[in-house]
Amino acid sequence: VQLQASGGGLVQAGGSLRLSCAASGRTVSTYAMAWFRQAPGKEREFVSAINWNGGVTNYADSVKGRFTVSRDNAKNTVYLQMNSLIPEDTAAYYCATGGRSSTTARTYNYWGQGTLVTVSS
């Protein structure tokens, strides 16, 4: 499975971005999909996860109410809608799949290359 993340960029605080992560190589419709992020000098942290059919979602407290995860299994793609962005959201965002829905990075077998989000104050 190869994952290609896109949609990152530079945005002002209060703005929005929509990240996409397209999977190829095989269907990921039976896997959970997740987003993690890593800010400069910090460890990678969980952002959000969605189960195989989109019926169950999970969010880090820091993004709850501002971010929304969704998926389109017909397109083998997961999305992360990010609203009300703040400078603390600045990070490289990574998508992952290949396991059950979890907040733990080691659960996931496949990782994308990351897309950079920069939020200016």
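Me: Which residues is Asn 58 in contact with, leaving aside its neighbours within four places in sequence?
Reply: Asn 58 is in contact with Phe 46, Val 47, Ser 48, Ala 49 and Thr 103. Contact means heavy atoms within 4.5 Å. This is a predicted model, where local features need pLDDT of at least 70 and side-chain atom pairs count only at pLDDT 80 or more, while totals for chains, interfaces and linings use all residues. Residues are numbered from 1 along each chain as its sequence is written, and side-chain values use heavy atoms, with hydrogens and water left out.

Me: Where does Asn 58 lie?
Reply: In strand S6, residues 57-59. Strands are DSSP runs of E with at least two residues, helices are runs of H or I with at least four, and both are numbered from the N terminus.

Me: Is Asn 58 buried, exposed or partly exposed, and what is its relative accessible area?
Reply: Asn 58 has a relative accessible area of 32%, so it is partly exposed. Buried means under 20%, exposed means over 50%, and partly exposed is in between (1.4 Å probe, protein chains only).

Me: How far apart are Asn 58 and Thr 30?
Reply: 17 Å in space, C-alpha to C-alpha. In sequence they are 28 residues apart.

Me: What is Leu 3 in contact with, leaving aside neighbours within four places?
Reply: Its contacts include Cys 21, Met 33, Cys 95 and Trp 111.

Me: Zooming out. How many helices and strands does the protein chain have?
Reply: Zero helices and eleven strands. From the N terminus on, the elements run β-β-β-β-β-β-β-β-β-β-β.

Me: How much of the chain counts as buried?
Reply: 45% of the 121 residues.

Me: What about the accessible surface?
Reply: About 6100 Å², of which 47% belongs to carbon and sulfur atoms. Areas come from the Shrake-Rupley method with a 1.4 Å probe; for residues, only the protein chains shown count as cover.

Me: New topic. How many aromatic pairs does a search of the whole structure find?
Reply: Three. Rings of Phe, Tyr and Trp (its six-membered ring) pair if their centres lie within 6.5 Å; planes under 30 degrees apart count as stacked, over 60 as edge-to-face and the rest as tilted.

Me: Why is the pair of Phe 36 and Tyr 108 edge-to-face?
Reply: Because the ring planes of Phe 36 and Tyr 108 meet at 70°, with centres 5.9 Å apart. Phe 36 is in strand S4 (residues 32-38), and Tyr 108 is in the loop between strand S9 (91-99) and strand S10 (110-111). That links parts 72 residues apart. Both Phe 36 and Tyr 108 are buried.

Me: And what kind of pair do Phe 36 and Trp 111 make?
Reply: A tilted one, because the planes are at 50°, and the centres are 5.1 Å apart. Phe 36 lies in strand S4 and Trp 111 in strand S10, so this pair ties together parts 75 residues apart in sequence. Trp 111 counts as partly exposed, at 28% relative accessibility.

Me: Which residues do ring pairs link into a cluster?
Reply: Phe 36, Phe 46, Tyr 108 and Trp 111.

Me: Last thing. What is the phi of Asn 76?
Reply: Positive, about 55°, although Asn 76 is not a glycine. Most residues other than glycine have a negative phi. Asn 76 is found in the loop between strand S7 (67-72) and strand S8 (77-82). Asn 76 counts as buried, at 12% relative accessibility.

Me: And Ser 84, what is its phi?
Reply: Also positive, about 50°. Ser 84 is found in the loop between S8 and S9. At 41% relative accessibility, Ser 84 counts as partly exposed.
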